[in-house]
Amino acid sequence: MTSSLAPVFYLPHGGGPLPLLGDPQHLALTQFLTQLGSKLPTPAAILVISAHWEAEQPALTAAETPSLLFDYSGFPAQSYQLSYPATGAPQLAAQIAEKLLQAGFNPQLNTSRGWDHGVFVPLLMLRPQADIPVLQLSLLKGLDAATHIALGEAISFLRSQNVMIIGSGMSFHNMQAFFRPDLVSDNQVSEFNQYLINSLQPQYSYAEQAQRLTNWQQAPHARLIHPREEHLLPLHVCFGASKGATAQVLFNDKVLNKTVLAFGW
């Protein structure tokens with residue numbers, strides 16, 4: 001990671017609120033995110049791209065104090081009483097919207113939507129103090145890989161303003177297979193993960209890396225690992241925001257019986 005710029009992370013957020021509930025299948029992830037947060041310099045703000053918000057055009061949370069959106073069901077009552085009282089960043093949201101407009105997008109500022117669990121669950125481990133302004137950027141409903149790389153490129157300026165960028169998703173996201181491990185083997189997961197790791201290696205140029213990520217469906221078992229790619233695409237945004245910096249594999253361990261990855265730039 002480049003020390004003169006704020007870091008970019010693609011992080012797994014686990015299953016709903018389970019990382020916060022002491023779930024044994026999330027202990028490695030909880031430990032990783034907690035330790036990562038303790039090592040980080042303090043950013044001016046945090047921008048999160050979560051797998052759980054898709055919009056027709058790039059949308060940004062722009063409220064002064066966003067609420068939490070408990071977009072999960074069937075969990076213990078305490079899961080719906082969580083709080084993350086960080087402030088929003090409406091002025092920064094407006095600045096980002098202007099940059100997105102210049103890049104050919106049609107951004108929208110949303111003053112009513114709260115932060116979904118792809119935001120507050122990892123942040124409760126990374127920055128439990130909730131003392132840094134936070135805003136969320138949506139994915140685009142078309143789920144086009146190249147467009148999400150371009151979206152990341154358009155927000156890459158934030159790194160020089162000490163704004164940390166987090167893509168919150170899961171490098172493995174086949175919901176059925178989380179509960180039926182026999183549907184996807186460890187070898188199949190490993191082969192897909194290796195495609196992602198290889199794609200971000202410095203032997204490839206930035207353009208070649210972008211091409212490999214754009215063509216992610218050519219990876220081994222791609223549609224088995226991601227029947228729908230919304231949990232992968234935050235990686236594409238992070239990659240674009242990194243603008244050719246070298247990625248590091250920060251986490252390569254099991255969550256809900258499947259190996260998932262985290263990358264940092």
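Is Tyr84 buried or exposed? Tyr84 is buried, at a relative accessible area of 3%. This is a predicted model.

**Aromatic pairs**
- The structure contains eleven aromatic pairs.
- Tyr84 and Trp115 make up an edge-to-face pair.
- Tyr84 belongs to the loop between strand S3 (59-61) and helix H2 (90-102). Trp115 belongs to the loop between strand S4 (108-110) and helix H3 (117-126). The pair therefore ties together parts that are 31 residues apart in sequence.
- Trp115 is buried too, with a relative accessible area of 0%.
- Phe70, Tyr72, Phe75, Tyr80 and Phe120 form a cluster linked by ring pairs.

**Charges over rings**
- Lys99 lies over the face of Phe157, 5.0 Å from the ring centre.
- Arg212 places its charged end over the ring of Tyr195, at 4.4 Å from the centre.

**Around Ser199**
- Ser199 is part of helix H6, which covers residues 186-199.
- Ser199 counts as buried because its relative accessibility is 0%, and the cut-off for buried is under 20%.
- The side chain of Ser199 makes a polar contact of 2.8 Å with the side chain of Arg212. Arg212 is also the residue whose charged end sits over Tyr195.
- Beyond neighbours within four places in sequence, Ser199 contacts Tyr204, Gln209, Arg212 and Leu213.

Technical notes: Residues are numbered from 1 along each chain as its sequence is written. This is a predicted model: local features need pLDDT of at least 70, side-chain atom pairs count only at pLDDT 80 or more; totals for chains, interfaces and linings use all residues. Side-chain values use heavy atoms; hydrogens and water are left out. Helices (H or I, at least four residues) and strands (E, at least two) are DSSP runs, numbered from the N terminus. Buried means under 20% relative accessible area, exposed over 50%, partly exposed in between (1.4 Å probe, protein chains only). A polar contact is a pair of N or O atoms within 3.5 Å; within protein, one must be able to donate a hydrogen and the other to accept it, and residues adjacent in sequence count only if both atoms are side-chain atoms. Contact means heavy atoms within 4.5 Å. Rings of Phe, Tyr and Trp (its six-membered ring) pair if their centres lie within 6.5 Å; planes under 30 degrees apart count as stacked, over 60 as edge-to-face and the rest as tilted. A charge sits over a ring if NZ of Lys or CZ of Arg is within 6 Å of the ring centre and within 35 degrees of the ring normal.
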